[in-house]
Amino acid sequence: MKNLTPMQAAYWTGRQAKGFLGNVSAHLYVEFDCGPIDPQRLGEAIRKLYETHDMLRMRVTPDGQQLIGKIEESLSYEFEDLSSIERAECERHLDFKRQQWTCRQLDLAAGQTSAFGLSLLPGGNCRLHVDTDMTAIDPPSFCLLMEDLARFYEEPEIDADRPETGFFDWLDRKSSDTDLARRQARDRRWWHARLADVPPAPKLPAVATFQEVRSGRLAAMLSSAQRGALECAARELRVTPSSLMLGLFAAVIGDATGEEPFRLNVPMFWRPPYTPDTDRVVGDFSNILILTVDPLSGETLRSLCKRLAERMLELLSHSAYPGVNVMRDLSRTRRSLQTAPIVFTSGFDLPKGDLFSKRVTRVFGPMSWAVSQGPQVALDAQVAHMDGGILINWDIRYDALPETWINATFNRYLELVRDVAANPAALERPAFSHGKSACISGHLVDLTERMLADLLTRLTPLARTHPNGEIRELGLSESDLSSFVAFINRYIPAAALTRDDIGQASTSTTLAYLLKARSKGNSEKVAKAYLEAIGARNRASLNAQPAE
């Protein structure tokens, strides 16, 4: 029996918190779209997985201790045969199951740290459902579990290959590390001297209602060519690809939340090799770094990425004192619960490179859905290598954040990342627009965006019914698109807009972000003059000139 680590204790207490951003456990739910799978053979592979990894049987006692239970008490595997029902009904059932498992709370007191399910679909294919609680299984451990499960299914004759040591052994070695104890005391003093300088959490346009938990995701894949281009850009900056993606994310969040200093939580999953086979052990090895982002006027994206990379190195050098403890110290100092609603997670440093190996994909097919939840987390932005490219995945509490705001912010990030991949010179743009924006009904509305929306509305009626729809999907003719681009360049020459700048995911919101960045905020002045000129009831034509 062992005490919970600071991170495990935070997960355990956080899952019991009610109210805003509460009512959830820290867990990861993933679906794989498989070909034909033998349910019995999979069940035997899952049992072997429980025999191999003790933390699949971890149980938390009422007084906050963790111990290893019995397989029969912990093993959770269910099989559903949906092959004989209509496809439409099958899809409705799978959607309902996804919602249930997305907001599921596994019973840690009963030793359930994971759950597996297999759905047999019409036509003979299957869907694999996997849910794991982060109190026992951190994200790299999840990847390890899927690798072993695929191996046990593909080679049923092999025996369970238990690691020589387990997570509890690793904790014992860690607790006896006198050098770590010394560094913890040093880093505690370092943090306490800086607590007053840690900024608040970002000012989010939170939904001011207490409603049922509703989590979802926004995801996009970058190609292998885009991945290579971003890695080259990072090398040129002399930062890691993780730091590059983090810097771009911080710039977008800064613009979307008001450009005041704020903090981000950045998880790290480094597991010091205290035991011979630490890399094969399943457990929660996570820590968090509390990163300060302080927008500077006139700073470029290049400068911001380099500055945050240096700051991350400094935080790593003082990470012996757990980030959870830093957050508790902040709460005590400020006499109010300090939370971290925005998290940035990089999976670029996984031991095997990509999120899942070729074996996992061969046996279980592609990952078709993944979503995580965490107490007090409204947005967890993740980047990871997958299928040779980069997966960008945002896990979102839609009951806490306005959907229009989060969709616009995601599109801004995706477009910025793609811009940097297409042309590293994009890093010379201002990191922050420092434009005056107002949050109306949870949607970030600025003058440039309003001008673009008006222009598009007069070109196509679809823009009125889809106010933030993708521009390429609004039915614009080639002539309309050319007139639109020419108008922008006539009055905002610094924008140097081309039709290629209007990508498949571009909306009036993301395009406004691009124009503000390229014009260093001057697009707001032009837009103000334009909106004043046309008035509320006297719309000008596309060729009208804004007032000077």
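This is a predicted model: local features need pLDDT of at least 70, side-chain atom pairs count only at pLDDT 80 or more; totals for chains, interfaces and linings use all residues.
## Basis of the description

Local features are described where pLDDT is at least 70, side-chain atom pairs count only at pLDDT 80 or more, and totals for chains, interfaces and linings use all residues. Residues are numbered from 1 along each chain as its sequence is written, and side-chain values use heavy atoms, leaving out hydrogens and water.

## The five-stranded sheet

Helices (H or I, at least four residues) and strands (E, at least two) are DSSP runs, numbered from the N terminus. Two strands pair if DSSP finds at least two bridges between them. Five strands form an open sheet in the order S5-S6-S7-S2-S12, and their pairing is mixed. At its edges lie strand S5 (77-81) and strand S12 (367-373), each of which pairs on one side only. From one strand to the next, the twist averages 10°.

S5 pairs with strand S6 (residues 114-120) in the parallel sense, over five bridges. Asp81 stands opposite Leu120 in S6. Helix H4 (residues 87-102) touches strand S2 (27-34), S5, S6, strand S7 (126-133) and S12, and its direction makes about 10° with that of S7. Helix H5 (residues 139-154) touches S2, S6 and S7, and its direction makes about 140° with that of S7.

## Two helix pairs

Axes are lines fitted to C-alpha atoms, for helices over the stretch in contact, and angles run from 0 to 180 degrees between N-to-C directions. Angles under 35 degrees count as roughly parallel, over 145 as roughly antiparallel, 65 to 115 as roughly perpendicular and the rest as oblique.

The axes of helix H8 (residues 224-237) and helix H9 (residues 241-257) come within 8 Å and cross at roughly 95°, so H8 is roughly perpendicular to H9. H8 contributes Leu230, Glu231, Ala233, Ala234 and Leu237 to the contact, while H9 contributes Pro241, Leu244 and Met245.

Helix H1 (residues 6-14) packs with helix H11 (residues 323-334) at an angle of about 60°, their axes 8 Å apart; H1 is therefore oblique to H11. Pro6, Met7, Ala9 and Ala10 of H1 meet Val324, Asn325 and Arg328 of H11.

## Cysteines

The structure holds zero disulfides (a disulfide is a pair of cysteine sulfur atoms within 2.5 Å). For Cys143, the nearest cysteine sulfur is that of Cys34, 16 Å away.

Buried means under 20% relative accessible area, exposed over 50%, and partly exposed in between (1.4 Å probe, protein chains only). Cys143 is buried because its relative accessible area is 14%, whereas Cys103, at 31%, counts as partly exposed.

How values were computed:
Contact means heavy atoms within 4.5 Å.
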